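Trainee: I am new to this structure. Please show me how to read it, feature by feature.

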Amino acid sequence: MAGDTLTSSGYIKHHLTNLTFGKHPDGSWGIAQSAAEAKEMGFWAIHVDTMFWSIGLGIFFLYFFSKAAKQATAGVPGGLQNFVEWLVDFVDDSVRGSFSGRNALVAPLALTIFVWIFLQNLMDLVPVDVIPELAKLLGIHYMKVVPSTDPNATFGMAIGVFILVLFYSIKIKGVGGFAGELTLQPFSSNNTLVNILFIPVNFVLEFVSLIAKPISLALRLFGNMYAGEMIFILIAIMYNAGLILGLFGGVLQLGWAIFHILIITLQAFIFMTLTIVYLDMAHHEH
Amino acid sequence: MNINLTLIGQLLAFAVFVWFTMKFVWTPIMAALETRKKEIADGLAAAERGQHEQELAKERAKDVLHEAKAQAAEIVAQAQKRAAEIIDESKDTARVEGERIITAAHAEIEQEANRAREQLREKIGLLAVTGAEKILRKEIGTDAHQDIVSALAKEI
């Protein structure tokens with residue numbers, strides 16, 4: 001618990017502040033001691049907690065999956081291999097269902113996205129105070145455990161996907177084809193002059209829809225997880241408000257956590273599916 | 001909530017993870033799955049082939065059994081025929097042998113009879129001579145009338 005001296009807004013704010021390492025305005029490098037200090041660091045700062053948890057979870061995921069892959073045999077699969085194969089099969093089915101081109105990158109990309117985002121989201125189910133309080137014992141004052149509640153993490157992945165979308169669009173359709181896709185539709189005419197007049201209109205429409213892809217991808221995941229985290233924090237505040245409200249809060253937390261299991265899986269799945277769909281669109285010639 | 005360098009860090013981590021998954025997770029697992037799929041398909045095909053072969057073998061076994069039965073019947077028939085032949089042959093042989101034995105016996109009997117007749121003849125001759133001798137002893141000596149005795153014996 002955040003302590004009696006802390007106000008509710010202080011408690012919430014504390015929970016929403018990343019452990020930021022960066023350059024102080026006075027020129028020295030170090031960890032920001034408050035949210036305001038973290039803000040002052042600007043772009044040249046790094047969220048140590050986000051990086052730690054996301055990379056840690058990524059290594060956790062890759063460790064078990066590569067272990068299973070290394071032992072993978074065509075014979076009778078063991079427990080871990082069975083589980084991994086089930087997930088791989090599930091992702092493979094999704095990719096086969098939505099992706100019609102031929103690209104060896106898409107399926108592993110989808111698997112990474114699904115499992116990694118799921119694990120990041122899963123950290124949301126750890127009671128909000130457990131890890132930050134443990135960190136406090138180690139002398140770390142800020143600890144935001146769920147990487148997917150940090151827009152940097154979600155935008156990082158979404159931009160990664162966006163770069164692939166751009167790369168494959170240009171690779172498959174060529175620069176001209178891609179530019180044509182951006183400017184010659186949805187409005188087109190048989191008259192060349194009218195077509196030229198349509199170019200700016202088309203470009204605005206298509207550019208917005210292109211840019212909307214990574215932004216919606218990132219903000220959907222971020223928004224869902226941030227809101228979920230926020231509700232967990234709000235429920236946690238109830239523990240400070242007496243026994244009855246505290247017990248009520250416990251029930252609420254359990255209920256929300258169970259509901260959240262659905263959300264975290266669904267968000268990971270949506271991110272994966274949209275990635276596949278966007279890449280499929282990048283592979284399609286009009 | 002600030003957008004900062006973490007974005008780049010996450011992007012790089014994401015890229016590395018995707019690369020790692022592609023190289024060390026997806027490829028081997030898909031290979032294993034493909035191999036298993038193939039093995040199962042092969043197994044099913046082999047089972048089907050085995051079943052087919054079993055059916056063929058059953059058919060063949062039936063044929064072989066049929067043939068064997070026919071052969072056995074033939075062998076039995078042949079054996080019976082041969083047995084009859086052997087019996088006939090033995091009958092013939094026995095008849096011939098019997099005839100031979102009978103002929104030999106007849107010959108022997110005849111020989112025996114001849115010999116007995118000869119002996120009898122000699123004995124009778126001797127008896128006659130003895131008788132004559134006894135008669136003649138009273139009249140003449142045996143030596144003087146030897147030629148007559150032998151002529152007599154020959155005549156008998």
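This is a predicted model: local features need pLDDT of at least 70, side-chain atom pairs count only at pLDDT 80 or more; totals for chains, interfaces and linings use all residues.

Trainee: How many helices and strands does chain A have?

Mentor: Helices (H or I, at least four residues) and strands (E, at least two) are DSSP runs, numbered from the N terminus. Chain A has 9 helices and 3 strands. Read from the N terminus, the order is α-β-β-α-β-α-α-α-α-α-α-α. Its C-alpha atoms fill a box of roughly 75 × 60 × 40 Å along the principal axes.

Trainee: What share of chain A counts as buried?

Mentor: Buried means under 20% relative accessible area, exposed over 50%, and partly exposed in between (1.4 Å probe, protein chains only). In chain A, 48% of the 286 residues are buried. Accessible areas come from the Shrake-Rupley method with a 1.4 Å probe; for residues, only the protein chains shown count as cover. The accessible surface of chain A is about 14000 Å², and 72% of that belongs to carbon and sulfur atoms.

Trainee: What do contacts say about chain A?

Mentor: A contact means heavy atoms within 4.5 Å. Take the contacts in chain A between residues at least 6 apart in sequence: 70% of these join residues at least 24 apart.

Trainee: Where does UniProt place the feature "transmembrane region" in chain A?

Mentor: UniProt positions are given in the numbering used here, feature names are shortened, and annotations may be inferred rather than shown by experiment. The unreviewed UniProt entry lists several such spans in chain A, among them residues 44-65 and 191-211. In the model, residues 44-65 of chain A are 82% helix and 14% strand, with end C-alpha atoms 34 Å apart. Residues 191-211 of chain A are 95% helix and 0% strand, and there the end C-alpha atoms lie 29 Å apart.

Trainee: Is Asp92(A) buried or exposed?

Mentor: Asp92(A) is buried, because its relative accessible area is 8%. Arg96(A) is exposed, at 58%. Beyond its neighbours within four places in sequence, Asp92(A) is in contact with Trp26(B) and Met30(B).

Trainee: Which salt bridge does Glu34(B) form?

Mentor: Glu34(B) pairs with Lys37(B), at 3.6 Å from N to O. The two are about one helical turn apart because they sit 3 residues apart in helix 1 (residues 6-139) of chain B. Glu34(B) is partly exposed at 43% relative accessibility, whereas Lys37(B) is exposed at 55%.

Trainee: And which residue pairs with Glu112(B)?

Mentor: Arg115(B) does, with the closest N and O atoms 3.1 Å apart. This pair also lies in helix 1 of chain B, 3 residues apart. Glu112(B) is partly exposed at 41%, and Arg115(B) is partly exposed at 45%.

Methods
Residues are numbered from 1 along each chain as its sequence is written. Chains are lettered from A and ligands numbered from 1 in the order in which they are written. Side-chain values use heavy atoms; hydrogens and water are left out. A salt bridge is a side-chain nitrogen of Lys or Arg within 4 Å of a carboxyl oxygen of Asp or Glu.
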